Amino acid sequence: MTILIEQSDHFGAEVEAKTEPINERELVLDGGFLIPQTNSFGHMFRAYNDAGSERREGVENFYRKNHTYQSVDFVKKMREEYAKLNRVEMSIWECCELLNEVVDESDPDLDEPQIEHLLQTAEAIRRDYPDEDWLHLTGLIHDRKLLEKLHFLYHKHLPVWLNADLGKVLNLPSFGGLPQWAVVGDTFPVGCRFDESIVHHKYFKENPDYNNPAYNTKYGIYSERCGLNNVMMSWGHDDYMYLVAKENSTTLPSAALFIIRYHSFYALHREGAYKHLLNDEDVENLKWLHIFNKYDLYSKSKVRIDVERVKPYYLSLIEKYFPAKLKW
Ligand SMILES: O[C@H]1[C@H](O)[C@@H](O)[C@H](O)[C@@H](O)[C@@H]1O
Ligand SMILES: [Fe+2]
Ligand SMILES: [Fe+2]
């Protein structure tokens with residue numbers, strides 16, 4: 001692991017010290033994660049229009065439905081319905097195991113069951129931030145702010161890598177059996193204009209809100225810097241899992257909840273659209289989302305995880321950060 005921090009007399013062999021300006025230092029908090037050039041099918045990641053990709057047609061069909069049906073009225077109905085959390089009681093790990101049954105139709109980069117994806121993401125961060133390294137670092141780094149960030153990244157974020165996609169159980173019968181277009185895929189605000197940078201934007205023409213003058217302007221029903229908390233996002237696993245975490249009194253910090261809630265909002269975190277809706281806290285949290293996204297997207301691979309081998313480690317983490325049973 002290479003961590004770039006200010007020169008000091010206290011470094012041991014584990015840390016390679018370099019002088020970097022503050023903003024550059026933030027960029028390397030991803031533990032030096034190397035981004036692969038191609039996905040497990042040999043294509044670029046998120047190449048939605050790559051004619052050679054065997055998943056392209058299915059993914060495009062998915063977005064045709066998703067963009068047609070995700071409207072203000074639909075999102076309001078879903079938020080109200082799922083806020084009841086009256087369907088199932090179970091632990092985080094039980095939820096992970098249920099995801100053995102869910103393959104994500106919106107994803108051009110992965111066709112494995114979602115439990116693989118959760119653990120691939122978590123294992124990728126664990127490789128970059130093994131426990132022992134953390135212990136070394138506490139003795140070595142005297143930059144308090146950086147130390148707090150690393151602590152946050154490792155100890156507080158690891159459960160988030162696991163969590164963000166758990167909401168995909170919405171697809172299973174006991175959680176309402178929602179169609180995939182209401183569970184997975186990139187998310188976007190409803191109630192204001194659909195930005196051109198959203199994948200397969202053309203299918204919004206079929207959306208009832210597309211021609212509604214109350215909803216099709218830059219701000220629509222929102223106002224400048226109103227904060228994402230006041231924005232309705234298209235309904236899916238992100239908002240659902242945020243709700244589950246919040247209503248079950250999670251101890252995860254604000255940035256972790258932000259990651260869970262907006263990790264599919266690629267128009268914002270990849271394309272930079274909708275920035276006019278962010279408040280100061282959103283702007284700060286967005287930095288953490290960028291780090292999360294590297295692990296989430298680029299860890300997708302055909303290399304299967306031995307679930308039973310890693311289970312004890314994740315069970316111990318889950319025990320530390322979550323109640324034994326949550327309401328879903
Ligand atoms: O297809 C992917 C899906 O697998 C992810 O879980 C979601 O977060 C992404 O935004 C989406 O595009
Ligand atoms: Fe996701
Ligand atoms: Fe994911």
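1. Methionine 241, neighbours within four places in sequence left aside, is in contact with Asn163, Ala164, Leu166, Gly167 and Ile260; contact here requires that the C-beta atoms of two residues, placed from the backbone, lie within 7 Å. Met241 is also listed with Ile259, Ile260 and Ala267 as having the most contacts inside the largest nonpolar core, a group of 72 residues. Such a core is a set of buried Ala, Val, Leu, Ile, Met, Phe, Trp, Tyr and Cys residues joined through C-beta atoms within 7 Å. In soluble globular proteins, nonpolar side chains tend to be buried together.

2. The model is predicted: local features need pLDDT of at least 70 and side-chain atom pairs count only at pLDDT 80 or more, while totals for chains, interfaces and linings use all residues. Residues are numbered from 1 along each chain as its sequence is written, with chains lettered from A and ligands numbered from 1 in the order in which they are written.

3. The protein chain has 13 helices and two strands, these being DSSP runs numbered from the N terminus (helices H or I, at least four residues; strands E, at least two). Of its 328 residues, 40% are buried. A residue is buried if 20 or more other C-beta atoms, placed from the backbone, lie within 10 Å of its own, exposed if 12 or fewer, and partly exposed in between. Among contacts with a separation of 6 or more, 77% join residues 24 or more positions apart.

4. Helix H9 (237-247) receives the buried residues of H3, which pack against it. In H3 (residues 72-82), the buried residues are Val72, Val75, Met78 and Tyr82. They lie on the same side of H3 because they cover an arc of only 130° around the axis, the arc being that of the directions from the helix axis to the C-beta atoms. On the other side of H3, Asp73, Lys77, Glu80 and Glu81 are exposed.

5. H9 also packs with helix H10 (residues 254-262), at an angle of about 145° and with the axes 6 Å apart. Axes are lines fitted to C-alpha atoms, for helices over the stretch in contact, and angles run from 0 to 180 degrees between N-to-C directions. H9 contributes Asp238, Asp239, Met241, Tyr242, Ala245 and Lys246, and H10 contributes Leu257, Ile260, Arg261 and Tyr262. These residues divide into six nonpolar, no polar and four charged; Ala, Val, Leu, Ile, Met, Phe, Trp, Tyr, Cys and Pro count as nonpolar, Asp, Glu, Lys and Arg as charged, and the others, Gly among them, as polar.

6. Which residues surround ligand 1? They are Asp104, Ser106, Asp107, Asp165, Val184, Gly185, Asp186, His263, Ser264 and Tyr266, each with its C-beta atom, placed from the backbone, within 6 Å of the ligand. The shell comprises two nonpolar, four polar and four charged residues.

7. Glycine 185 lies in the loop between helix H8 (158-163) and H9. Glycine 185 counts as buried because 26 other C-beta atoms lie within 10 Å. Leaving aside neighbours within four places in sequence, its contacts are Phe62, Tyr63, Asn66, Ser106, Gly236 and Ser264.

8. Two backbone angles may be checked. Leucine 85, in the loop between H3 and strand S1 (89-90), has a positive phi of about 45° although it is not a glycine. Histidine 200, in the loop between H8 and H9, has a positive phi of about 50° and is likewise not a glycine. Most residues other than glycine have a negative phi.
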